[in-house]
Amino acid sequence: MTTSSSEQGVSLGMPQLPAPGYPDDVRTRLERDAREVIARYPDSRSALLPLLHLVQSEEGHVTRTGMQFCADMLNLTTAEVTAVATFYTMYRRRPSGDYQVGVCTNTLCAVMGGDAIFEALQEHLGVGNGETTDDGKVTLEHIECNAACDYAPVVMVNWEFFDNQTVESAKRMVDDLRTGREVTPTRGARLCTFKETARILAGFPDEREGAVEAGGSAGPASLVGLKLAKGETAPARVVHPRDGRPHEEPQDKAVHEPSPTEHLSSHDAPQDTSASDPAHPAGPVAEEGE
């Protein structure tokens with residue numbers, strides 16, 4: 001069976017008309033903001049990424065109008081702007097929800113329950129990957145890695161962390177988002193809308209009270225390795241099982257204090273190499289071309 005060009009999203013008709021412009025008041029406001037962004041860079045075209053965030057904060061996605069605006073402000077072609085806007089997944093190319101719910105389905109999160117969460121949310125919300133609920137509140141997508149593997153499975157909402165999720169907790173969270181109930185991330189600042197997030201990513205101050213002080217940082221589980229590398233004693237390990245009740249390991253175990261000459265990991269110890277062991281130099285095992 002063949003597929004028509006229209007089914008593939010390819011138009012063989014008349015060339016597309018130029019993008020419509022922003023209303024005068026909107027363009028005036030965006031030009032003011034754009035000039036502030038451009039002034040930060042010695043080369044104006046370096047401002048393209050934040051300008052794409054700026055126009056995304058206006059409409060919730062990067063439209064043809066937004067790309068034309070960026071091209072005009074930076075003296076670029078629309079082809080140059082489109083090439084960048086279509087390369088990065090952080091720029092939405094079609095209308096999306098107030099809350100971007102991203103479920104990590106990379107290896108560790110997937111096996112810890114991320115795949116099950118993503119499948120359950122698709123059924124619960126009635127949408128597929130990259131689609132938005134009818135009320136315009138939630139856009140669901142699977143994402144590759146949130147750099148928070150020690151809290152797997154992880155869900156992000158507008159780039160804020162929701163750690164150690166389950167199918168049921170994820171369902172409750174999206175239901176609360178849709179009904180307007182307050183939803184609090186596991187760590188980091190409180191939630192704002194996707195448009196507000198886009199403006200912050202464009203480089204403008206986060207004006208929410210306390211948001212900067214609450215800015216996300218690595219959690220304790222992420223910092224254990226760093227502390228060990230610095231020679232600090234590891235704290236008692238706290239495990240958070242699926243029932244949510246923390247379980248602390250017995251404290252009667254003697255805590256091993258590493259000596260100054262002891263390596264905390266085999267990765268820290270020097271390994272024999274041809275440079276450190278002249279008696280066993282490394283060399284080619286065969287002549288070139290064999």
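For a salt bridge I need a side-chain nitrogen of Lys or Arg within 4 Å of a carboxyl oxygen of Asp or Glu. The model is predicted, so I take local features at pLDDT of at least 70 and side-chain atom pairs at pLDDT 80 or more, while totals for chains, interfaces and linings use all residues. I number residues from 1 along each chain as its sequence is written, and side-chain values use heavy atoms, without hydrogens and water.

I counted next. The rule gives 12 salt bridges.

Arg27 and Glu31 meet through their side chains at 2.8 Å, N to O. They sit 4 residues apart in helix H1 (residues 24-38), so about one helical turn separates them. Helices here are DSSP runs (H or I, at least four residues), numbered from the N terminus. Arg27 is partly exposed at 25% relative accessible area, and Glu31 is partly exposed at 22%. My cut-offs are buried under 20%, exposed over 50%, and partly exposed in between (1.4 Å probe, protein chains only).

Next I looked up Arg199 and Asp33, a salt bridge of 3.1 Å, N to O. Arg199 lies in helix H7 (residues 194-201) and Asp33 in helix H1, so the pair ties together parts 166 residues apart in sequence. Is Asp33 buried or exposed? Asp33 is buried, at 7%. Arg199 is partly exposed, at 32%.

Glu80 is in helix H4 (residues 78-85), and Arg45 is in the loop between H1 and helix H2 (48-59). They are 35 residues apart. Glu80 is partly exposed at 32%, and Arg45 is partly exposed at 44%.

Methods
Helix = DSSP H or I, 4+ residues; strand = E, 2+ residues; numbered from the N terminus.
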